[in-house]
Amino acid sequence: MEKRAIWKGYINFGNVNVPVNLYAAIKERRIQFHLLHKRDHVRLRQQMVCVFEKKPVPREEQSKGFEVEEGKYIIVDPSEFEQSAFKDNRVIEIHEFIKTEQVDPLFLGRVFHLGPDVNLKGYSALALALKEMDVAGICTWSMRKRHYLGALHASGKMLRLHMLRYADEVIPVKSLDLSEMPLAEKEVKIGIDLINQLTVPFEPQTFENDHQKRLQNLIDKKVHGEKIAILRPKRVKPTAPGKLLWALEASLKKIA
Amino acid sequence: MKARDPVKVSSKSSPVMGKGVSSRGIWSGTLSFSLVAIPVHLVKAVEPGRVSFRMLHRKDYSPLKTRMFCPEEETIVPPDEIVRGYEIAHDSYILITDEELESVTPERSRTIEIIEFIDAKEIDPIYYDHPYYLVPSKGGEKAYCLLAEAMRQTHRAGLAKFVLSEREHLVVVKSTEGALAVITLHYGEEILPKESISAKEEVEDEEKNHIKKKIRKMMTDFDPEKYADERRKKILTILKSKVKEQAPVEAPEIEEEGRTGPADLVATLRESMRKVKKKR
């Protein structure tokens with residue numbers, strides 16, 4: 001199967017320069033639904049709407065504004081920002097290297113495979129170096145008029161590029177307003193024992209998306225005019241706070 | 001500019017999210033492992049472009065929002081008039097209700113059941129898809145803290161399957177700074193094979209060692225704040241010159257629920273500027 005590159009560029013740092021091709025790494029397979037108008041089953045589409053007039057607004061009447069204070073905007077032309085701030089020179093520029101484990105998965109966005117273009121030796125040497133040192137390169141690049149932050153990893157003998165979210169796009173845990181609860185040492189210990197007992201190796205390939213098949217089944221039944229049995233969702237009764245220790249101990253006993 | 005009649009903006013929730021969409025989150029239900037069950041809410045963990053620009057109507061500078069629109073009647077369609085359809089032929093649909101969807105796997109639509117734990121380090125990052133946070137509902141606070149603490153100490157993550165609207169997700173439940181994060185995973189079948197490299201190509205030690213030397217010189221700690229600051233700094237520079245040229249425009253007053261605009265972005269930008277300077 002021949003794959004088409006999405007984009008071509010160069011990985012650059014110091015005097016290291018490695019040309020690469022970018023390929024899709026993920027293809028989602030899912031049953032597609034559409035949103036319809038209840039009355040006439042006309043397929044709906046998304047539309048930018050003026051909040052004030054409650055009317056659809058065509059593209060030529062849309063502007064971009066930067067909110068300086070509530071309800072006050074500076075009108076900007078986004079192209080100004082692109083020209084002055086970012087240059088599109090096909091370079092994936094690595095600014096620094098970090099230990100791979102330091103990247104919290106909350107920051108990871110879309111992922112791409114990188115394939116070698118021309119300089120295969122340099123490509124393989126870079127992949128091997130990253131792998132042996134267990135490091136990732138933090139990089140920036142511009143693609144299709146947008147600027148991205150990313151992490152360059154090794155995956156086997158290949159390179160992989162993960163887009164990274166900016167820090168202000170990840171909602172801080174602090175804003176969740178979680179209250180800290182006092183935990184007894186014994187409770188934590190039993191919790192840890194329980195987790196240890198239930199730990200297995202990670203084997204993602206053993207998980208199948210059987211839900212898709214069941215959903216397709218349901219659709220087929222409906223197409224043939226069969227009635228669908230409505231099953232109530234299973235609800236689990238929450239463990240009462242006073243029963244936590246009991247539930248933990250009972251769980252351990254059940255496994256043993 | 002004076003506001004005319006205030007306009008009520010309908011909330012964003014659509015029937016597609018299914019029942020149980022609470023005011024606090026995307027989903028509510030139970031997180032369970034073995035015999036322990038914790039009532040929880042699922043909330044957003046990421047928000048793209050929080051420091052960003054807003055689309056405005058050129059005519060009145062009112063903000064724009066995305067709404068569902070009926071092209072035939074040319075009207076904006078409120079959430080209670082939207083149904084879900086599966087296309088069986090061109091422009092011919094069968095309707096699927098939320099209840100029918102939940103009936104596909106009734107055991108997994110209201111429960112995130114951790115079936116096993118794994119070493120968090122074993123997860124190849126290519127599997128990570130979309131992150132959320134879990135927050136405890138009333139009465140679940142203690143068990144929530146206990147699970148977060150026990151997973152933190154053991155560096156383990158829980159594996160579960162659960163259904164969110166139209167999809168069943170394989171997810172990991174992770175401990176992060178005292179909170180529980182849920183990250184959906186791609187199924188193995190969704191990961192495209194990478195191009196293979198011919199084994200003939202031998203890596204020359206000299207070249208590899210040269211690269212390693214360069215890498216060592218550029219090693220540092222991961223600090224995501226730094227990159228966000230750099231971007232803000234660039235934006236701020238341009239905006240400063242803009243402010244001199246033009247006065248800000250004002251949007252009409254709009255009665256709106258749950259406004260989430262940046263409260264005082266300039267102050268935020270200033271604050272981050274200050275931090276950037278201090279670090280030097």
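## The interface between chains A and B

Chain A and chain B bury about 16500 Å² between them, with carbon and sulfur atoms contributing 66% of that area. This is a predicted model, so please read every value here as computed from it. The size of an interface is often quoted in just this way, as the accessible area lost when the parts come together. On the contact itself, chain A supplies 158 residues and chain B supplies 177 residues.

The polar side of the picture is worth a look too. The rule finds 14 salt bridges across the interface of chain A and chain B, along with 57 residue pairs in polar contact, both partners being at pLDDT 80 or more. Helix H2(A) gives the largest share of the side of chain A that touches chain B, namely 12 residues.

## Helix H3 of chain B

Helix H3 of chain B runs over residues 205–217, which makes 13 residues. From first C-alpha to last, H3(B) reaches 18 Å, close to the 18 Å expected at 1.5 Å a residue. Which residues of H3(B) are buried? They are Lys208(B), Ile211(B), Lys212(B) and Ile215(B). These four lie on the same side of H3(B), because they cover an arc of only 105° around the axis.

## Two positive phi values in chain A

Two loop residues of chain A deserve a quick backbone check. Arg90(A) has a phi near 65°, a positive value in a residue other than glycine. Arg90(A) sits in the loop between helix H1 (78–85) and strand S8 of chain A. Its relative accessibility is 40%, so Arg90(A) counts as partly exposed.

Asp134(A) is not a glycine either, yet its phi is positive at about 55°. The loop that holds Asp134(A) is the one between H2 and S10 of chain A. With a relative accessible area of 38%, Asp134(A) is partly exposed.

Methods
Residues are numbered from 1 along each chain as its sequence is written. Chains are lettered from A and ligands numbered from 1 in the order in which they are written. This is a predicted model: local features need pLDDT of at least 70, side-chain atom pairs count only at pLDDT 80 or more; totals for chains, interfaces and linings use all residues. Side-chain values use heavy atoms; hydrogens and water are left out. The expected span of a helix is 1.5 Å times one less than its number of residues. Buried means under 20% relative accessible area, exposed over 50%, partly exposed in between (1.4 Å probe, protein chains only). The arc is that of the directions from the helix axis to the C-beta atoms. Contact means heavy atoms within 4.5 Å. Buried area is the accessible area (1.4 Å probe) that two parts lose on being put together, summed over both. A salt bridge is a side-chain nitrogen of Lys or Arg within 4 Å of a carboxyl oxygen of Asp or Glu. A polar contact is a pair of N or O atoms within 3.5 Å; within protein, one must be able to donate a hydrogen and the other to accept it, and residues adjacent in sequence count only if both atoms are side-chain atoms.
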